[in-house]
Amino acid sequence: MSPQSPDMDFRSVYRHGFARIAACTTRCTLADPARNAEAVLAAARRCDAEGAALAVFPELGLSGYAIDDLHLQDTLLDAVEDAVFSLVTASRDMRVLMLVGAPVRHAGRVYNTALAIQGGRLLGIVPKVHLPNYREFYERRWFASGAGTEGSTARIAGMDAPFGPDLLFAAEDVPDLIIHAEICEDVWVPVPPSSIAAANGALVLANLSASNITVGKADTRRLLAQGQSARCLAAYLYAAAGVGESTTDLAWDGQVSIFENGAILRESDRFPDEDQIVIADTDLDLLRQERARQGTFDDNRRLHSAPFRRIAFRVDPPDGDIGFERAIERFPFVPADAARLRQDCYEAYNIQISGLVQRLGSTSGKLVIGVSGGLDSTQALIVAAKAMDRMGRPRTDIIGYTLPGFGTSTGTKTNAHALMEALGITARELDIRPAAKQMLSDLGHPFGRGEPVYDVTFENVQAGLRTDYLFRAANHEGGMVLGTGDLSELALGWCTYGVGDQMSHYNVNAGVPKTLIQHLIRFAIASGDFSDEVGATLQSILDTEISPELIPADAQTQQLQSTEAKIGPYALQDFNLFYTLRYGFRPSKIAFLALQAWEDAARGSWPPGFPEGKRGHYDLPVIHKWLEVFLWRFFGFAQFKRSAMPNGPKVAAGGSLSPRGDWRAPSDGNATAWIEELRRNVPME
């Protein structure tokens with residue numbers, strides 16, 4: 001659990017379940033341990049100054065990897081011990097735990113090891129288990145495998161330390177910072193030591209590597225390390241040897257990388273001329289949550305339980321603002337990378353289409369859809385059109401209704417008709433105002449007497465009538481109602497329950513967040529699937545402000561009813577939804593992440609095509625305000641609407657809100673604990 005110490009600045013990464021970690025490659029001076037120790041120490045001091053808790057260095061970095069039979073020279077090994085002593089002594093005033101590669105004499109053999117050094121102590125010595133002896137590698141000539149050394153103690157430079165591959169290094173004052181080290185070839189085998197260590201509690205896995213470079217090998221190494229981080233639900237640091245290693249027969253590229261749960265956090269350039277360091281803030285909360293949520297991880301642990309020794313150390317993490325070494329997407333449902341966004345849109349679009357095709361194949365009827373001229377109904381309609389195309393059915397089997405009410409604007413109504421005409425569907429208009437006025441009069445509502453009272457009853461009478469007409473039209477046409485409401489609206493309960501926009505026969509948008517829908521529409525424009533006429537109308541819809549259009553425009557300003565003025569910017573609310581639904585983070589941590597993502601509009605990347613004029617920013621008070629609204633609506637209000645939601649496909653990896661899928665919660669729950677945590681731990685300025 002996160003410390004949440006009141007003495008820590010709100011902006012401190014260590015307050016919010018992160019730990020700063022580093023992967024380093026230093027200039028190697030062959031067979032000169034003293035010079036190499038100086039290089040390691042200089043890099044470690046840089047990492048320590050940055051607030052890092054861990055720094056990982058290359059395999060055999062104190063001696064050099066490619067020195068062959070020199071590894072068995074006592075003169076060299078004596079010099080290594082002197083270098084180790086100097087590093088341990090120099091580490092007294094540093095918080096960073098160094099994992100340094102060195103050859104070590106033990107029990108009559110020499111071992112290829114990782115030395116854990118921190119706070120003036122040699123915490124442990126981890127030997128390499130899998131020694132390559134094929135092609136260009138010849139390690140068994142010099143080294144013994146660490147297999148079978150579990151539980152041992154070794155003496156080096158006059159210091160006794162635990163020795164074996166069964167060591168975990170656990171921080172006492174940074175929750176969940178549990179570190180394991182393996183060496184190069186150990187990750188290339190079918191069952192790496194780090195897999196067993198992860199199953200037994202390690203969340204941060206380090207690989208000290210030499211790994212010469214050949215054409216294409218860097219990609220293979222990246223796949224291995226990235227895949228290991230995903231499989232083990234862990235952070236994985238990889239540090240390869242670089243400049244200074246012998247090029248008698250081999251070459252070196254100094255690849256250093258940090259991965260987390262299958263994602264790349266940081267990577268260095270390759271083939272450096274000097275030392276390289278990459279630093280990242282790994283999310284230990286996220287990793288712990290993933291393991292708790294994925295029950296099969298623990299099931300697997302039970303099959304691979306092994307005795308590990310835990311070596312405790314203290315980080316004494318900095319309690320102030322040390323920056324944030326991690327990229328946070330402003331729109332976690334919408335990647336800023338252009339290629340990834342295209343792929344996500346392609347998959348989301350086709351998930352929606354294939355889901356609807358399957359459902360239509362089961363019902364064989366027509367589709368009835370309300371077309372408002374807004375984003376959601378537009379996306380549902382173009383999905384419906386492509387589904388009909390895929391099935392070889394005429395688009396006229398889609399019956400689109402515009403249902404103008406008291407707040408319907410000329411712009412959205414015009415867009416709705418233009419889109420239906422351009423798509424070639426059956427278009428109809430049904431004015432709900434007479435029936436709505438009659439119902440309000442029957443209820444004794446002031447509006448029925450001509451008074452301008454625009455309350456929730458006024459709004460929901462219109463929303464309910466629209467849905468009622470659509471269902472009756474579906475009865476009349478022998479078809480089904482296609483829902484249009486999106487994931488964000490379901491999260492916030494921004495839909496009218498029952499006979500309202502919460503209900504349909506099938507909803508293709510139920511798994512799509514609002515912030516993604518605009519990009520799906522842009523994707524449809526660019527795809528070439530539709531005519532230029534359709535594309536122009538879609539662009540006009542994208543340029544229209546989001547509004548339920550249930551209340552007439554302001555008589556003086558002509559300003560339309562604004563959804564986001566009521567429930568908050570969807571940019572923030574989708575951010576809050578993602579980290580609540582996908583990871584179960586505390587509100588204070590979500591606020592911290594939102595501040596990193598949204599405080600400065602010039603910091604970080606924006607999704608391709610996002611309009612320059614809409615690239616805003618939010619400060620902490622605004623983030624706090626709308627997060628509290630989100631928590632109240634998500635936990636304390638909206639669940640009863642989600643508990644009865646119609647069928648629809650899960651689309652986003654961030655999760656769905658179906659009670660049959662990702663999210664199950666009591667309809668009569670409350671938000672008290674979440675709001676109290678927010679108010680207690682997030683300052684208002």
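**Close-up views of the predicted model**

**Figure 1. The largest cavity and its lining.** Thirteen is the number of residues lining the largest cavity, written 13 in the counts below, and G485, L490, D501, Q502 and N507 are those nearest its centre. The model is predicted, so local features need pLDDT of at least 70 and side-chain atom pairs count only at pLDDT 80 or more, while totals for chains, interfaces and linings use all residues. Residues are numbered from 1 along each chain as its sequence is written, and side-chain values use heavy atoms, with hydrogens and water left out. The volume of the largest cavity is about 90 Å³, and the structure has 4 cavities of 30 Å³ or more. A cavity is a set of points, on a 1 Å grid over the protein atoms alone, where a 1.4 Å probe fits but cannot get out; a pocket is an open set with protein on both sides within 12 Å along at least five of seven lines, and lining residues have an atom within 4 Å of a point. Grid points are joined across faces, edges and corners, and the volume is the space filled by probe spheres set on them. The cavity lining consists of 6 nonpolar, 5 polar and 2 charged residues. Nonpolar covers Ala, Val, Leu, Ile, Met, Phe, Trp, Tyr, Cys and Pro, charged covers Asp, Glu, Lys and Arg, and polar covers the others, including Gly.

**Figure 2. The largest pocket.** This pocket holds about 1400 Å³ of space. Its lining has 42 residues, with A263, A327, E329, P332 and R340 nearest the centre. At least two lining residues come from each of β13 (263-267), α7 (338-363), α16 (570-581) and α17 (587-598); α7 gives the largest share, 5 residues. Helices (H or I, at least four residues) and strands (E, at least two) are DSSP runs numbered from the N terminus. By class, the pocket lining has 24 nonpolar, 6 polar and 12 charged residues.

Figure 3. The structure contains 36 aromatic pairs. In one of them, F634 and W663 are tilted, at 5.2 Å centre to centre with 50° between the planes. This pair joins distant parts of the chain, 29 residues apart: F634 belongs to helix α18 (residues 620-636), and W663 to the loop between α19 (639-643) and α20 (672-681). Rings of Phe, Tyr and Trp (its six-membered ring) pair if their centres lie within 6.5 Å, and planes under 30 degrees apart count as stacked, over 60 as edge-to-face and the rest as tilted. F634 counts as buried because its relative accessibility is 1%; W663, at 17%, is also buried. Buried means under 20% relative accessible area, exposed over 50%, and partly exposed in between (1.4 Å probe, protein chains only). The charged end of R642 sits over the ring of F634, 4.4 Å from its centre, and R330 lies over the face of W598 at 5.9 Å from the ring centre. Such a charge has NZ of Lys or CZ of Arg within 6 Å of the ring centre and within 35 degrees of the ring normal. One aromatic cluster is formed by F333, F575, F578, Y579, Y583 and F585.

**Figure 4. The surroundings of A380.** A380 is placed in helix α8 (residues 375-391) and is buried, because its relative accessibility is 0%. Apart from residues up to four places away in sequence, A380 touches I369, L482, G483, T484, V508 and N509, a contact being heavy atoms within 4.5 Å.

**Figure 5. The surroundings of P193.** P193 is in helix α3 (residues 193-199) and counts as buried, with a relative accessible area of 15%. Neighbours within four places in sequence set aside, P193 contacts V129, H130, H180, E182 and D186.
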